[in-house]
Amino acid sequence: MTTDTDAAGTNSTGANSQDIPGAGASGTADGAPRRTAPDQRSTPSGKPRPTRRTIVGAAAGLAGIVLLVLLPLLNLSLPGVLPGPTYTPGSLQLLAMCMLMAAAALTYHLLLGVAGLLSFGHALYFGAGVYGLAIILQNLDIPLLPAMGLTLLVVIVLAHVVGSISLRVSGIPFAMVTLAFAQAGSVIVGRNPDGTTGGDEGLSLRTENLPDFLVGVVNTRNLYWLALAVLVAVFIVVTWVQSSRAGHVAAAVRENELRVRVLGLQPYLVKLLIFVVSAVLVSIIGMVFLLLQSGAVPRAISADLTITLLVMVVLGGVGSRWGAVIGGVFYTILDQRLTTLANSDAIDALPDILRIPLSEPLFILGTLFILVVLFLPGGLTGTAQRLARRRNRLRGAGEARTGEGSTAHDRTGHDRTEASREILEESA
Amino acid sequence: MSTVVLLLFTGLGLGALYFLVAAGLSLIYGLMGVLNFAHGAFLTLGAFAGWEVARRTGSDDWGIFLLSLLVGAAAGAAFAAFTEFVLIRRLYQRHIEQLLITLGLSLAAVALFDGIWGTDPVFIQGPAWFKDTTEILGARVPNDRFVCIIAAVLVLLAMVFFLKNTRYGMIIRAGVENRSMVTALGIDVRKAFTLVFTIGGAAAGLGGVLASHYFGYVSPMLGGSLLIFAFIVTVIGGLGSLTGAAIAAVAVAVLQQFANFYLGGTGDFVVVLALALVLLFRPSGLLGRTS
């Protein structure tokens with residue numbers, strides 16, 4: 001399938017596939033087209049019209065990126081969130097980790113939020129990036145970029161093989177099968193064949209062939225900028241894929257696979273494409289992760305990592321790109337903070353019944369996750385939008401609905417929670 | 001010959017453990033469509049409960065062993081019933097959200113076990129007979145294998161009897177086939193849901209105590225590692241099929257043992273390969289309904 005890049009082409013083909021989910025399915029008819037391309041709503045005439053929201057959003061995004069780029073040069077303190085001022089390596093390391101996790105959550109969003117594929121094997125490709133690059137740098141005397149290219153090649157082949165087998169089933173069986181494949185990868189790494197993976201110990205990064213500006217604690221800020229660049233690039237690619245023709249078909253498949261097949265399109269190939277793109281992106285993130293951590297650890301390929309990504313996406317709100325980013329950042333910081341809290345004296349002094357649960361970050365995160373699934377179905381972004389909507393309603397219905405644009409905006413806000421819930425239902 | 005027999009019995013013992021986990025998983029999935037990630041936590045809780053019984057009584061005779069089996073099964077059942085009643089019940093028919101809940105629960109539960117019992121494996125003492133071996137066709141087979149096999153066979157027979165010959169068993173079987181029809185006949189399927197979860201939890205708890213004797217230790221990670229293979233077993237056997245789970249459990253475990261011995265420790269890899277082959281040629285599993 002081709003993916004049109006020019007706006008007009010995207011829009012006209014997009015309009016076609018947008019008809020698919022909406023044509024007969026009641027309830028989803030209204031929500032579906034908007035949530036597949038919230039920034040690219042088309043007017044009846046078919047031309048894209050940048051709404052006020054898009055412009056404000058883009059400007060805010062740009063300002064945010066500029067601030068993040070400048071962060072290593074500033075002396076800001078966020079007590080309780082960051083371990084020190086923003087220019088210190090410790091804080092930059094944590095921030096870079098947040099960016100990478102947010103980017104990884106975005107690639108998972110591409111699977112779950114766009115194509116409705118609940119994969120439990122995403123860590124396999126992240127781990128393939130981490131371990132692939134580490135092993136190649138360890139054993140071959142080639143510079144960083146060719147090594148990354150070689151790793152990428154391996155990941156592309158791997159993703160095609162695993163994807164084409166596991167996509168033969170869908171829904172829950174798909175989840176189980178991807179989990180099994182990822183587990184096989186994790187077992188191989190643990191077995192340490194011929195001492196290539198380092199087993200439980202992991203593999204430390206050989207820095208001989210790396211460019212100097214990426215090595216050492218002094219250069220953490222270069223790694224931070226690299227992580228930021230990766231996050232921005234992944235966000236752009238995910239947005240592009242999502243609003244491309246393939247992205248629309250994938251969303252349509254999520255809504256109603258049979259209908260797509262009746263229309264003569266091939267759901268299998270589209271799903272495979274999304275699967276491979278998402279795997280390739282996450283493997284690149286894995287490679288940067290390797291540089292940042294200066295070593296490969298078995299956790300990078302374990303099922304725990306996939307589960308962490310899933311938790312991030314659900315915390316942020318399924319079906320929302322910003323949700324994935326926010327979820328990734330929120331989870332990473334919370335995890336780090338809770339670990340610090342667990343080792344603090346205040347917790348140590350508590351009686352056993354409080355101390356044991358509070359000294360386990362995963363217990364708190366797991367409980368929080370259950371509560372979010374039970375009570376905040378749209379995740380953080382969905383809840384924020386619902387609160388904003390409620391505030392708008394209190395201010396007066398007439399004021400909020402002055403023009404058509406704001407009505408559509410209102411509907412999108414309203415749809416977020418519902419949308420998340422529907423995506424979850426439909427991927428079953 | 002003796003190696004083959006030994007591998008066979010070791011495989012059967014491991015298969016018995018897989019079956020005890022997979023049986024519950026498969027029934028729960030078949031009836032309710034829930035992929036239960038917390039099943040490993042039921043198993044781990046059962047294993048720790050059984051170990052606590054042995055530790056507190058400080059004896060290792062047969063009576064205590066049977067008591068620890070009972071307590072382990074009861075702990076698993078109680079945890080499972082709690083899960084179904086408090087968490088799953090709120091989200092009926094929303095399968096992915098149910099899955100997410102069980103996922104969160106398994107994270108939280110394993111972390112809690114870590115906090116209570118520590119992350120290191122706890123080594124376990126059973127009746128002295130477990131340490132002995134019995135000679136079969138020249139192979140010296142450790143006795144704990146037989147205990148696992150017998151327990152799993154008894155559980156299988158009990159489950160089959162229950163499903164075939166009791167009213168609730170009939171409702172469960174009917175529910176697996178066609179849930180909406182059962183509901184339309186005016187039968188409250190929700191009771192069957194709780195029941196299936198409880199039975200599955202009991203089997204997992206029992207499996208936990210047996211697994212702790214089979215492996216010789218208990219650790220909070222015990223359930224998670226068995227759960228993955230149980231997933232593979234349920235997919236290969238066909239989701240929702242108890243007999244399929246039994247056959248697949250034995251096949252997977254025996255295959256794994258033989259590959260580990262003859263193909264240089266590639267057991268786990270061969271199992272995943274078998275899964276891939278089954279999916280390529282029979283996507284619904286060995287005894288699964290073709291859809």
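Q: Why does A:S294 count as partly exposed?
A: In this predicted model, A:S294 has 17 C-beta neighbours inside 10 Å. A buried residue needs 20 or more, and an exposed one has 12 or fewer. The value 17 falls in between, so A:S294 counts as partly exposed.

Q: What is the phi of A:S294, and where is the residue found?
A: Phi is near 45°, a positive value in a residue other than glycine. A:S294 is found in the loop between α11 (267-293) and β2 (295-296) of chain A.

Q: What makes A:W240 partly exposed?
A: Its count is 13 C-beta neighbours inside 10 Å. Exposed residues have 12 or fewer, buried ones 20 or more. With 13, A:W240 therefore counts as partly exposed. The residue is found in helix α8 (residues 220-243) of chain A.

Q: How far apart are A:W240 and A:S283, in sequence and in space?
A: They are 43 residues apart in sequence. In space they are 19 Å apart, C-alpha to C-alpha.

Q: How do you know what radius of gyration a compact globule of 291 residues would have, and what does chain B have?
A: The rule is 2.2 Å times the number of residues to the power 0.38. With 291 residues, a compact globule would be near 19 Å. Chain B has 19 Å, so value and expectation agree. Its C-alpha atoms fill a box of roughly 55 × 45 × 35 Å along the principal axes.

Q: What builds chain B, and what share of its residues is buried?
A: Chain B has 11 helices and four strands. Buried residues make up 56% of its 291 residues. Among its contacts between residues at least 6 apart in sequence, 77% join residues at least 24 apart.

Q: Why should helix α10 of chain B span 30 Å?
A: The expected span is 1.5 Å times one less than the number of residues. Helix α10 (residues 242-262) has 21 residues, so it should span 30 Å. Its end C-alpha atoms are 30 Å apart, which agrees. Just after α10(B), B:G264 takes a positive phi of about 65°.

Q: Which residues have the most contacts inside the largest nonpolar core?
A: They are A:L100, A:I285 and B:Y18, in a core of 220 residues. Leaving aside neighbours within four places in sequence, B:Y18 is in contact with residues including B:F229, B:V233 and B:A249. Others among them are B:A230, B:V252 and B:A253.

Q: What makes up the contact between the chains?
A: Chain A gives 36 residues and chain B gives 33. On the side of chain A that touches chain B, α7 (171-191), α12 (303-316), α15 (352-358), α16 (361-375) and α19 (404-426) each supply at least two residues. The largest share, 13 residues, comes from α7(A). The residues on this side of chain A divide into 27 nonpolar, five polar and four charged.

Technical notes. Residues are numbered from 1 along each chain as its sequence is written. Chains are lettered from A and ligands numbered from 1 in the order in which they are written. This is a predicted model: local features need pLDDT of at least 70, side-chain atom pairs count only at pLDDT 80 or more; totals for chains, interfaces and linings use all residues. Two residues are in contact if their C-beta atoms, placed from the backbone, lie within 7 Å. Ala, Val, Leu, Ile, Met, Phe, Trp, Tyr, Cys and Pro count as nonpolar, Asp, Glu, Lys and Arg as charged, and the others, Gly among them, as polar. A nonpolar core is a set of buried Ala, Val, Leu, Ile, Met, Phe, Trp, Tyr and Cys residues joined through C-beta atoms within 7 Å.
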